Amino acid sequence: DSPPPSRTMQCFPDLVVALSCGLVAFGALHLRSEMFKTLQYGKEEDRQEPGEEAGKESAKKPPRRHRVHLPTSCAWILMELPSIMVPTFLLVLRHPPRLAPLGCKLLGGMFCGHYFHRTFIYPFFRRGRPFPLHTVFAGILFCMFNGFLQSYYMIYCAEYPDDWCNDVRFTSGFLLFVLGMGINIHSDFLLRQLRKPGEFTYKIPQGGLFAYVSSANYFGEILEWFGYAIATWCLPAFAFAFCTVCILGPRACQCHRY
Ligand SMILES: NC(=O)c1ccc[n+]([C@@H]2O[C@H](COP(=O)([O-])OP(=O)(O)OC[C@H]3O[C@@H](n4cnc5c(N)ncnc54)[C@H](OP(=O)(O)O)[C@@H]3O)[C@@H](O)[C@H]2O)c1
């Protein structure tokens with residue numbers, strides 16, 4: 001006998017397509033908006049925006065020194081937590097429980113493994129300037145949306161053959177994901193070594209992939225999500241990889257110019 005259908009939530013393929021298109025549209029709009037206004041945190045927060053006169057703040061916004069900021073560790077935990085909480089919530093809601101076959105378990109594990117590190121490990125090592133509250137809110141909303149889309153698809157919709165782990169898309173994507181994660185974590189480590197505790201100055205990063213790429217941590221992150229997209233071979237993951245390029249690409253260019 002087949003198990004009774006879930007009474008809590010089902011797979012709505014149209015919803016997955018609509019949300020994925022929303023993510024792509026968000027990425028494209030973000031990319032366009034970066035031409036006029038940079039994402040406000042870190043070294044970009046003090047950057048003069050087009051139309052702003054030197055030494056003057058925009059009339060529409062409170063002066064930067066008056067904006068509310070959170071300590072950087074606290075901000076990163078808050079921003080990234082939804083990427084773990086939303087999948088956990090959806091998994092608990094699913095009745096009967098499902099994260100089978102093995103392919104789905106591994107793919108879900110890759111997504112949650114990244115965000116476990118980003119939420120519960122990375123923030124405790126991060127040194128840096130306090131984070132503007134409005135950017136934290138934007139990060140929380142993004143992680144809720146993306147966490148819902150990726151996990152809803154994986155928990156309620158995805159179907160993989162039992163031997164998906166032997167498929168060349170899974171193995172090549174998985175290797176790319178692990179390589180990207182390694183580059184990302186190592187590069188973030190090298191960035192941390194640039195400063196003494198309590199220091200906030202910017203220096204030119206050395207070593208690792210920084211010898212070839214000025215934003216090696218972003219390069220690693222982009223590789224990771226393209227690896228995840230190839231391993232999952234699904235629309236939501238490709239939409240997220242595209243969105244990551246749209247978010248990190250302009251920041252990487254700004255960083256290179258800096
Ligand atoms: N998937 C996505 O869409 C997405 C989006 C954003 C971030 N991320 C990931 O989240 C992580 C952090 O992102 P981020 O944008 O904060 O990275 P970031 O701008 O490179 O900053 C990372 C840390 O290094 C410090 N730092 C950066 N450049 C430095 C330099 N030249 N000299 C000394 N210290 C320097 C920063 O200090 P300050 O805080 O003082 O600037 C910050 O503490 C990265 O691994 C990134 O890939 C992912």
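Begin by selecting tryptophan 233, which is partly exposed because 16 other C-beta atoms lie within 10 Å; a residue is called buried if 20 or more other C-beta atoms lie within 10 Å of its own, exposed if 12 or fewer, and partly exposed in between, with C-beta atoms placed from the backbone. Tryptophan 233 sits in the loop between H8 and H9, where helices (H or I, at least four residues) and strands (E, at least two) are DSSP runs, numbered from the N terminus. Although tryptophan 233 is not a glycine, its phi is positive, at about 50 degrees.

Before moving on, note that this is a predicted model, in which local features need pLDDT of at least 70 and side-chain atom pairs count only at pLDDT 80 or more, while totals for chains, interfaces and linings use all residues. Residue numbers start from 1 along each chain as its sequence is written.

Next, select threonine 232, which is found in helix H8 and counts as buried because it has 30 C-beta neighbours inside 10 Å. Leaving aside residues up to four places away in sequence, threonine 232 touches Leu107 and Ala237, two residues being in contact if their C-beta atoms, placed from the backbone, lie within 7 Å.

Now show H8 and H9 together. How far apart are the axes of H8 and H9, and at what angle do these helices pack? The axes are 8 Å apart and the packing angle is about 170 degrees, where axes are lines fitted to C-alpha atoms, for helices over the stretch in contact, and angles run from 0 to 180 degrees between N-to-C directions. H8 and H9 are therefore roughly antiparallel to each other; angles over 145 degrees count as roughly antiparallel, those under 35 as roughly parallel, 65 to 115 as roughly perpendicular and the rest as oblique.

To see the contact itself, select Tyr218, Glu221, Ile222, Trp225, Phe226, Tyr228, Ala229 and Thr232 in H8, which meet H9 residues including Ala237, Phe240, Thr244, Leu248 and Arg251. The residues of this contact of H8 with H9 divide into 13 nonpolar, 2 polar and 2 charged; Ala, Val, Leu, Ile, Met, Phe, Trp, Tyr, Cys and Pro count as nonpolar, Asp, Glu, Lys and Arg as charged, and the others, Gly among them, as polar.

In helix H7, pick phenylalanine 174, which counts as partly exposed with 18 C-beta neighbours inside 10 Å. Not counting residues up to four places away in sequence, phenylalanine 174 touches Gly227 and Ala231. A further distance to display runs from phenylalanine 174 to alanine 229, which are 55 residues apart in sequence and 9.4 Å apart in space, C-alpha to C-alpha.

From there, go to glutamine 206, which is placed in the loop between H7 and H8 and counts as exposed, with 10 C-beta neighbours inside 10 Å.

For helix H2 (residues 72-80), highlight Ala75, Trp76, Met79 and Glu80, which are buried. Looking down the axis of H2, you will find that these buried residues fall within an arc of 110 degrees, so they line one face of the helix; the arc is that of the directions from the helix axis to the C-beta atoms.

Finally, zoom out to the chain, which has 9 helices and 2 strands. Of its 258 residues, 31% are buried.
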